[in-house]
Amino acid sequence: MGSLWNTFKKNRTKIWVGAVTLLLVLYLVVTFQRSILLLSDQNLVAKGIGAAYLVLPIIGAWALIRELVFGARTEKMAKVLEAEGGLPVDNLPRTPGGRIVRAAADAEFEKYRVEAEAAPEDWRSWFRLSCAYDAAGDRKRARESMRDAVRLFRAQPTAEGAK
């Protein structure tokens, strides 16, 4: 039982992503089925709603695939950085509720911002900057920085950045 629990703890993010993905796929399939039913109705209004409803599973599937690919690439980059010893260390002080102390995150952020400015073509600096943005609570910029890191990682001529 202990081994099973340790496996769950180690892979809980992947398990949750899998569960949410499964639920979303189920929802998209049901939505697609309902749109087909509406399209087959004689009423023109129902056909119009069915056509509009058909767009939802297409957009949903595109967004799902895009996010899963983004997550896989991010994980691959993290493994490379971990092997190189370049992952940022999570040693920032936390509040009693578990949140990172904002002032400490802001101070740490400056170090990674300077690094990214000094090496704008290095995906590693953008990856670390993304982690710093995330720790500082700026999720939008964290995502932008990680997308930059992914773009630079994929552009590398080495096998490491291979698509």
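These legends go with several close-up views of one predicted model.

**View 1. Helices α3 and α4 packed together.** Let's start with α3, which covers residues 102-118, and α4, which covers residues 123-135. Their axes sit 9 Å apart, and the angle between them is about 160°. Angles over 145 degrees count as roughly antiparallel, so that is what we call α3 and α4. The crossing of this pair is left-handed. On the α3 side, the contact is made by Ala-105, Phe-109, Tyr-112, Arg-113, Glu-115 and Ala-116. On the α4 side, look for Ser-125, Trp-126, Arg-128, Leu-129, Ala-132, Tyr-133 and Ala-135. Sort the residues of this contact by class and you get 9 nonpolar, 1 polar and 3 charged.

**View 2. Where α2 meets α5.** How do these two helices cross? The axes of α2 and α5 come within 10 Å, at roughly 70°. Since 65 to 115 degrees counts as roughly perpendicular, α2 and α5 get that label. From α2, the residues in the contact are Arg-66, Glu-67, Phe-70, Arg-73, Thr-74, Lys-76, Met-77 and Val-80. From α5 come Arg-143, Met-146, Arg-147, Ala-149, Val-150, Phe-153 and Arg-154. This contact splits into 7 nonpolar, 1 polar and 7 charged residues.

**View 3. The nonpolar cores.** The largest nonpolar core is made of 19 residues. Met-77, Trp-123, Trp-126, Phe-127, Leu-129, Met-146 and Ala-149 are the ones with the most contacts inside it. Another core, of 5 residues, lies apart from the largest one, and its members include Leu-92, Ala-104, Ala-135 and Ala-136.

**View 4. Thr-31 in helix α1.** Now find Thr-31, a residue of α1, the helix that spans residues 2-39.

**View 5. Lys-47 in helix α2.** Our last stop is Lys-47, which is part of α2. With 30% relative accessibility, Lys-47 counts as partly exposed. Setting aside neighbours within four places in sequence, Lys-47 is in contact with Leu-38, Leu-39, Ser-40, Asp-41 and Gln-42. Follow the chain for 19 residues from Lys-47 and you reach Arg-66; the C-alpha atoms of these two are separated by 29 Å. You've already met Arg-66, by the way: it is one of the α2 residues in the contact with α5.

Note on methods
Residues numbered from 1 in each chain as written. Predicted model: local features only at pLDDT ≥ 70, side-chain atom pairs only at ≥ 80, totals over all residues. Heavy atoms only, no water. Axes fitted to C-alpha atoms, helices over the stretch in contact; angles between N-to-C directions. Helix = DSSP H or I, 4+ residues; strand = E, 2+ residues; numbered from the N terminus. Parallel < 35°, antiparallel > 145°, perpendicular 65-115°, else oblique. Left-handed = near helix turned anticlockwise from the far one by under 90°. Contact = heavy atoms within 4.5 Å. Nonpolar A, V, L, I, M, F, W, Y, C, P; charged D, E, K, R; others polar. Core = buried A, V, L, I, M, F, W, Y, C linked by side-chain atoms within 4.5 Å. Buried < 20%, exposed > 50% of the residue type's maximum accessible area, 1.4 Å probe, protein only.
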